[in-house]
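Please examine the model shown below.

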Protein chains: 2
Amino acid sequence: MINRNSCFLIVGLGLIGGSYARALHKKGYRVLAITKYQSSIDYAKNEGFIDEGSTIVDENLIKQADVIIFCLYPSLEVEWLRNYQHLFKPGTLLSDVAGVKGGIIDEIQSFLRADVEMIACHPMAGKEVYGVENSDDAIFRDANFIVVPTEKNTREAIDDAYHLGEILGFNKVSQLTIKQHDEIIGFVSQLTHVIAVSLMTCNEDENLQNYTGDSFRDLTRIARINENMWSELFIDNKGPLIEQIDAFMNQMSCLRSMIENEDVDELKKVFIKSTKRRALFDKRK
Amino acid sequence: MINRNSCFLIVGLGLIGGSYARALHKKGYRVLAITKYQSSIDYAKNEGFIDEGSTIVDENLIKQADVIIFCLYPSLEVEWLRNYQHLFKPGTLLSDVAGVKGGIIDEIQSFLRADVEMIACHPMAGKEVYGVENSDDAIFRDANFIVVPTEKNTREAIDDAYHLGEILGFNKVSQLTIKQHDEIIGFVSQLTHVIAVSLMTCNEDENLQNYTGDSFRDLTRIARINENMWSELFIDNKGPLIEQIDAFMNQMSCLRSMIENEDVDELKKVFIKSTKRRALFDKRK
């Protein structure tokens, strides 16, 4: 159970791993890190938000950890656990930040040791840049934290995940099944990235930046996209994502027909609905 | 020619008209307004950014004006000019803020008195709320101002329009033909609104706000939309807008196929292109 003396190990000290480390350190927890580059460890130690770090899978660090958070690409997360789970001390709580859960969490839970537990989480926060140098726990402040338990999880681990979301400073913690999570993420996160990239690449005009307003800038902010991570996320969640793309394109085709047929009444109805629905997202603050 | 003593008349004191009035007043110009509601005039006078105002088409105000700016819906702009152009003093410079120019400006210039001149402009700034109470000239600061001359315009009026963009405090003033303008606006402004509305209305989940990140919020900010103005703008610019919708949906279908076929290499290529193109929009600041 997470308590005041819990020691956290972050595996993968990038944008999200670094932001976790900063938030946990601020709350007074001991924070360790295992990551690929020595420069990331040096940076985090200099900034003072990790206590120890290593670029190798250091048994000494792993044995200290009460909670291990995997901040890796989904495929690496599965591989890492398969290779090194024998090093965990009994009772270690595991969590992750992967943007897709189907095919990842069920796979991990199928081979995981019985004396440790993996509770999947998705911190709905990010930036269009990456690396620990860009980490910032302020990104959690207005954001949502989703706990994604399976039938293999205990009540205690689910409570711990809620507690973790609060420790990290998230605005709201919710719970979804893997299926619900991947459908909703396919919509709110992945579909939005497909839209932004399509918009940014469907017009070859070289001087667009002289003619744009805030609308275009808002809709394309996330068109700056980490090609390795997102191609993996899209393909891992292919089924739900394609369903969402189709629903979106279908709605857009309806609007296209209304414009073509100059059906002002129907257009206005859709705009009123859209305005009403969007207002719910402002109330929250 | 616009000079230090020019008197400006704003016709239509809403979000944009009010923001023009505020900017012009700050620079020391005399500012008059003709608008629909007495409450708008009262508000602007109380705030001190107009000198005189009327809810009727007041000849006394019109005769004082050296420059008249029409901040009306496009259809109303044409009607107003047709009905009241006989009241202008000779040499009056006219300008507007309409989001579509084809079918509007050429129409106006076809019946306009020979001793006054209309130079079309498009201030690429706005908010998802409206009314003079929400006016704010700070919205012009990082924004683009587009001058849209025709072959009927004089060099002097075009220069005046550039000058106006600078007086209002725009970041950049550019020039486009009506055809170029309507194509580009179909893309950067109208297509983005069609996308935002489609995204906001294509999924019926009632609890989305608990699971969204910044991506979804960014992409739907402009889904709060004035149904009267935007249905008119979309239909006035139907041809170019539908071309842009088709180009976008075509690109999105390509991405959909890449995801379905798990074509990681092609996906990465598009993401790299998208990231590179989007970076141009950040450099500007």
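Predicted model: local features only at pLDDT ≥ 70, side-chain atom pairs only at ≥ 80, totals over all residues.

Q: How are H7(A) and H7(B) oriented to each other, roughly parallel or roughly antiparallel?
A: The axes of helix H7 (residues 178-201) of chain A and H7(B) cross at roughly 160° and come within 12 Å. Angles over 145 degrees count as roughly antiparallel. The two helices, H7(A) and H7(B), are therefore roughly antiparallel.

Q: What is the handedness of the crossing of H7(A) and H7(B), and how do the residues of their contact divide by class?
A: H7(A) passes H7(B) in a right-handed crossing. From H7(A), the residues Phe187(A), Leu191(A), Thr192(A), Ile195(A) and Leu199(A) meet Phe187(B), Leu191(B), Thr192(B), Ile195(B) and Leu199(B) of H7(B). By class, the contact of H7(A) with H7(B) has no charged residues, two polar and eight nonpolar.

Q: Which word describes the packing of H7(B) and H9(B), oblique or roughly antiparallel?
A: Helix H7 (residues 178-201) of chain B packs on helix H9 (residues 227-236) of chain B with the axes 11 Å apart and at an angle of about 120°.

Q: Which residues of H9(B) make the contact with H7(B)?
A: H7(B) passes H9(B) in a left-handed crossing. On the side of H7(B), the contact is made by Ser189(B), Gln190(B), His193(B) and Val194(B). By class, the contact of H7(B) with H9(B) has three polar, four nonpolar and no charged residues. The residues of H9(B) in the contact are Trp230(B), Leu233(B) and Phe234(B).

Q: How far apart are the end C-alpha atoms of helix H6 of chain A?
A: Helix H6 (residues 155-167) of chain A has 13 residues.

Q: What is the phi of the glycine just after H6(A)?
A: Within H6(A), the buried residues are Ala157(A), Ile158(A), Asp160(A), Ala161(A), Leu164(A), Gly165(A) and Ile167(A). Just after H6(A) comes Gly169(A). The phi of Gly169(A) is positive, about 95°.

Q: What is the phi of the residue Gly169(B) that follows H6(B)?
A: In H6(B), Ala157(B), Ile158(B), Asp160(B), Ala161(B), Leu164(B), Gly165(B) and Ile167(B) are buried. H6(B) is followed by Gly169(B). The phi of Gly169(B) is positive, near 95°.

Q: Is Gln190(A) buried or exposed?
A: Gln190(A) lies in helix H7 of chain A. Beyond its neighbours within four places in sequence, Gln190(A) is in contact with residues including Val100(A), Trp230(A), Leu233(A) and Asn237(A). A relative accessible area under 20% counts as buried. The relative accessible area of Gln190(A) is 1%, so Gln190(A) is buried.

Q: How far apart in space are His122(A) and Lys101(A), C-alpha to C-alpha?
A: His122(A) is found in strand E6 (residues 117-124) of chain A, and at 8% relative accessibility His122(A) counts as buried. Lys101(A) is among the residues in contact with His122(A). In sequence, His122(A) and Lys101(A) are 21 residues apart. In space, their C-alpha atoms are apart by 8.8 Å.

Q: Which residue of chain B is in contact with Leu241(A)?
A: Leu241(A) lies in helix H10 (residues 238-260) of chain A, and at 0% relative accessibility Leu241(A) counts as buried. Leu241(A) and Leu191(A) are 50 residues apart in sequence and 6.6 Å apart in space, C-alpha to C-alpha. Leu191(A) is among the contacts of Leu241(A). From chain B, the contact of Leu241(A) is Ile259(B).

Q: What is the phi of Glu262(A)?
A: Most residues other than glycine have a negative phi. Glu262(A) is in the loop between H10 and helix H11 (264-283) of chain A, and is partly exposed, with a relative accessible area of 43%. Glu262(A) is a residue other than glycine, yet its phi is positive, near 50°.

Q: What is the relative accessibility of Glu262(B)?
A: Glu262(B) is in the loop between helix H10 (238-260) and helix H11 (264-283) of chain B. Although not a glycine, Glu262(B) has a positive phi of about 50°. Glu262(B) counts as partly exposed, at a relative accessibility of 42%.

Notes
Residues numbered from 1 in each chain as written. Chains lettered and ligands numbered in written order. Heavy atoms only, no water. Axes fitted to C-alpha atoms, helices over the stretch in contact; angles between N-to-C directions. Helix = DSSP H or I, 4+ residues; strand = E, 2+ residues; numbered from the N terminus. Left-handed = near helix turned anticlockwise from the far one by under 90°. Contact = heavy atoms within 4.5 Å. Nonpolar A, V, L, I, M, F, W, Y, C, P; charged D, E, K, R; others polar. Expected span 1.5 Å × (residues − 1). Buried < 20%, exposed > 50% of the residue type's maximum accessible area, 1.4 Å probe, protein only. Parallel < 35°, antiparallel > 145°, perpendicular 65-115°, else oblique.
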